[in-house]
Amino acid sequence: PILTQQVQKLTGKQLTIKGNLSWSLYPTIGLKAADITLKNPPAAGTAARATTKTTSRTTAPVITAKHITIGIKLLPLLHRKIETDTIIMQGLTLSFAPNKKLTINKLQAKLTADNDTIKIAPITMRLYKGSYKGSMTLNKQATQPAIHVQGKLHNIDFQPLLSDLQG
């Protein structure tokens, strides 16, 4: 309950973990979880009207994943930096609107963050029978925060990708 409460407090979203959840403290602070859903909380009055066959737009899952593994290095935390040893997500689905989604079979990445910059590199994904390799940097220093994304798609099957994105 503490993890789900903190996620709600920080993001305003509801985290549900139906599968196993495990933690480790050494050599990295680690988290493994299965059958995860992150969704918008129900709007006032919508929970009573929702049925098992229909999902309210406000309660539709934003992110679902079959498995997530995250490992955060200890030493950088002492210097107020976050560095991950591992981020692996399997069976990941990102939903943008009702019936519009992006399905990623597997995502692997490493993250480094300090007060001004968040860097995710390398990022590798298996999606739509192909792959993506690249990086992403968010710079919060500038008066206008900037995101730089660089990568390459290889052998993506665009027909189902576009179908999923169009809904």
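Start at the hairpin of strand 5 and strand 6: two residues sit between the strands, and one to click on is N99, which has a positive phi near 65 degrees. Strands here are DSSP runs of E with at least two residues, helices are runs of H or I with at least four, and both are numbered from the N terminus. Before you go further, note that this is a predicted model, where local features need pLDDT of at least 70, side-chain atom pairs count only at pLDDT 80 or more, and totals for chains, interfaces and linings use all residues. Residues are numbered from 1 along each chain as its sequence is written, and side-chain values use heavy atoms, with hydrogens and water left out.

**Along strands 5 and 6**

Now select both strands of that hairpin. Strand 5 and strand 6 pair in the antiparallel sense over eleven bridges; pairing means that DSSP finds at least two bridges between two strands. Pick M89 and look across to strand 6, where L107 stands opposite.

**Stop at T84**

Next, select T84 in strand 5, which covers residues 82–97. Is T84 buried or exposed? T84 is buried because its relative accessibility is 7%, and buried means under 20% relative accessible area, with exposed over 50% and partly exposed in between (1.4 Å probe, protein chains only). Show what surrounds T84: leaving aside neighbours within four places in sequence, its contacts (heavy atoms within 4.5 Å) are G71, I72, K73, A109, K110 and L111. Zoom in on L111, whose backbone nitrogen is 2.7 Å from a polar atom of the T84 side chain.

Select residues 100–113 and 117–127, which are strand 6 and strand 7; they pair in the antiparallel sense over seven bridges. Three residues lie between these two strands in their hairpin. Click Q108 and you'll find T124 of strand 7 opposite.

Then try K106, which faces R126 in strand 7. Stay on R126 and turn towards strand 8: there its bridge partner is S131. Strand 8 takes in residues 130–139, and strand 7 pairs with it in the antiparallel sense over nine bridges. Their hairpin has two residues between the strands, and Y128 in the turn has a positive phi of about 45 degrees.

**Zoom out**

Finally, show the whole chain. How many helices and strands does the chain have? There are four helices and nine strands, and along the sequence the pattern runs α-β-β-β-α-β-α-β-β-β-β-β-α. Colour by burial and you'll see that 24% of the 167 residues are buried.

Terms used: Polar contact = N/O pair within 3.5 Å; in protein donor to acceptor, adjacent residues only side chain to side chain.
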